[in-house]
Amino acid sequence: MALFAVIGLGSFGGTVALELTHLNHDVIGIDTLKKNVENIADQISHAVIADATDEHVLEELNIQNCDAVVVAIGDDIEASILCVLHLKNLGIHQILVKA
């Protein structure tokens, strides 16, 4: 069993988080929208309303302990790039990004 983080719990990110859960992995789901977090909170290991573009928030969530992180932020390319930069700074080696 591995620990994954999924950042962005919209249609794509929510599906990825659920599939990882069905494969018996622990999943931390992160989104800025309360609605997205509430929709999936009871189906994955952990769901958090947080801004993943803030490196300190990612560090507080212990994201560096994850085996891999999926960045599924919607249309905001700048937020995706900033999030990936912070993940690299925290030492995450396995980062998958929705393009």
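This report describes the sheet, the helices and a number of individual residues of a predicted model.

## Basis of the model

Because the model is predicted, local features need pLDDT of at least 70 and side-chain atom pairs count only at pLDDT 80 or more, while totals for chains, interfaces and linings use all residues. Residues are numbered from 1 along each chain as its sequence is written, and side-chain values use heavy atoms, with hydrogens and water left out.

## The sheet

Five strands form an open sheet with parallel pairing, in the order β3-β2-β1-β4-β5. Strands β3 (46-49) and β5 (95-97) stand at the edges with a single partner strand each, so one side of each is left without a neighbour in the sheet. Direction ignored, neighbouring strands of this sheet are turned by 15° against each other on average. Strands (E, at least two residues) and helices (H or I, at least four residues) are DSSP runs, numbered from the N terminus. Two strands pair if DSSP finds at least two bridges between them. In general, the strands of a sheet pair through backbone hydrogen bonds, either parallel or antiparallel.

Strand β1 (residues 3-7) is joined to β2 by five bridges, and the two run parallel. Within this pairing, F4 has V27 of β2 as its bridge partner, and A5 has I28 of β2. Strand β2 is mostly covered, since five of its six residues are buried. Here buried means under 20% relative accessible area, exposed means over 50%, and partly exposed lies in between (1.4 Å probe, protein chains only).

## Helices across the sheet

Helix α1 lies across β1, β2 and β4 (68-71) and runs at about 165° to β1. Helix α4 (residues 77-89) lies across β1, β4 and β5, running at about 170° to β4. For these angles, axes are lines fitted to C-alpha atoms, for helices over the stretch in contact, and angles run from 0 to 180 degrees between N-to-C directions. Contact means heavy atoms within 4.5 Å.

T15 is found in helix α1 (residues 11-22). A polar atom of the T15 side chain lies 2.8 Å from the backbone oxygen of S11. T15 and V97 are 82 residues apart in sequence, and their C-alpha atoms are 14 Å apart in space.

Two residues of helix α4 may be described together. H86 is found in this helix and is buried, with a relative accessible area of 11%. Not counting residues up to four places away in sequence, H86 touches A52, T53, D54, E55 and L58. N89 also has its place in helix α4, but N89 counts as exposed at 52% relative accessibility. N89 and G10 are 79 residues apart in sequence and 25 Å apart in space, C-alpha to C-alpha.

D31 is placed in strand β2 (residues 26-31). D31 is buried yet has no salt bridge, and the nearest side chain of opposite charge, K35, is 9.0 Å away. In assigning charge, Lys and Arg count as positive and Asp and Glu as negative, whereas His and the chain ends are not counted.

The side chain of D31 reaches the backbone nitrogen of L9 at 2.6 Å and makes a polar contact with the side chain of N36 at 3.2 Å. A polar contact is a pair of N or O atoms within 3.5 Å; within protein, one must be able to donate a hydrogen and the other to accept it, and residues adjacent in sequence count only if both atoms are side-chain atoms. Leaving aside neighbours within four places in sequence, D31 is in contact with several residues, including G8, G10, V37, V48, I49 and A50.

## The salt bridge

The count comes to one salt bridge, defined as a side-chain nitrogen of Lys or Arg within 4 Å of a carboxyl oxygen of Asp or Glu. E38 forms a salt bridge with K34, with the closest N and O atoms 3.7 Å apart. Both residues lie in helix α2 (residues 34-40), four residues apart, about one turn of the helix. K34 is exposed, with a relative accessible area of 52%.

## Loop residues with positive phi

N24 is found in the loop between α1 and β2, and its phi is near 65°, a positive value in a residue other than glycine. N24 is exposed, with a relative accessible area of 57%.

N62 lies in the loop between α3 (55-60) and β4. Phi of N62 is near 55°, a positive value in a residue other than glycine, and N62 counts as partly exposed at 40% relative accessibility.
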